[in-house]
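I opened this structure to look up its strand pairing and its charged side-chain pairs. My notes follow.

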Amino acid sequence: MRPGLMPPVSARDHAQGRADAPVTLVEHGDFECPHCGRAYPMVKAVQARMGDQLRFVFRNFPLTKSHEHAEHAAEMAEAAGDQGKFWPMHDVLFEHQDALEDEDLVGYAASLGIDPVWAAAALVQGVFRERVREDFASGVKSGVNGTPTFFINGVRYDGLLHPTALLEALVLAATPE
């Protein structure tokens with residue numbers, strides 16, 4: 001049996017969509033991972049197609065051995081989340097995967113109206129490092145060993161990473177038996 005999502009989605013998670021949506025899609029992702037970068041528009045597309053039938057949750061899973069900027073990118077996303085801007089930062093990071101140096105991250109924060117001095121200090125001091133590690137640990141408990149890894153209603157999705165296949169799996173999960 002495949003491991004399920006651990007812990008289940010809660011108020012601590014970054015979520016888009018209704019909490020009572022019939023389908024919850026959780027991504028364990030890495031902002032520097034090219035596969036996550038390719039999945040990003042797919043997720044946007046299924047969100048647009050499913051509307052209020054879908055809740056999307058993102059959990060950080062930076063693969064630091066492969067992606068040297070992933071940890072700080074995740075920390076900056078969490079810093080933005082602290083300022084109510086997780087999702088705009090999430091999008092900016094995936095749309096600029098080729099520019100994730102610390103100065104780029106601080107610049108993105110400033111462009112979103114976040115004090116760049118505060119954002120730079122948060123990175124240097126590791127203010128959000130523990131939050132990122134909690135997400136990573138949840139991925140390990142859930143059997144995540146690469147990115148992106150998706151869960152649909154708490155069950156790992158191992159199907160094709162293709163918009164049609166993902167949408168079909170989500171629609172099936174939304175259909176009452």
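I began with strand 4 (residues 149-152), which pairs with strand 5 in the antiparallel sense over three bridges. Strands pair if DSSP finds at least two bridges between them; strands are DSSP runs of E, at least two residues, and helices runs of H or I, at least four, numbered from the N terminus. I found Tyr157 in strand 5 as the bridge partner of Phe150.

This is a predicted model, where local features need pLDDT of at least 70, side-chain atom pairs count only at pLDDT 80 or more, and totals for chains, interfaces and linings use all residues. Residues are numbered from 1 along each chain as its sequence is written, and side-chain values use heavy atoms, with hydrogens and water left out.

I then traced the whole sheet: it is open, with five strands in the order 1-3-2-4-5 and mixed pairing. Strand 1 (14-16) and strand 5 (155-157) are at the edges with a single partner strand each, so one side of each has no neighbour in the sheet.

Next I looked up salt bridges (a side-chain nitrogen of Lys or Arg within 4 Å of a carboxyl oxygen of Asp or Glu). The whole structure has eleven. In one of them, Glu75 and Arg129 have their closest N and O atoms 3.4 Å apart. I checked exposure (buried under 20% relative accessible area, exposed over 50%, partly exposed in between; 1.4 Å probe, protein chains only). Glu75 is buried at 2%, and Arg129 is partly exposed at 28%.
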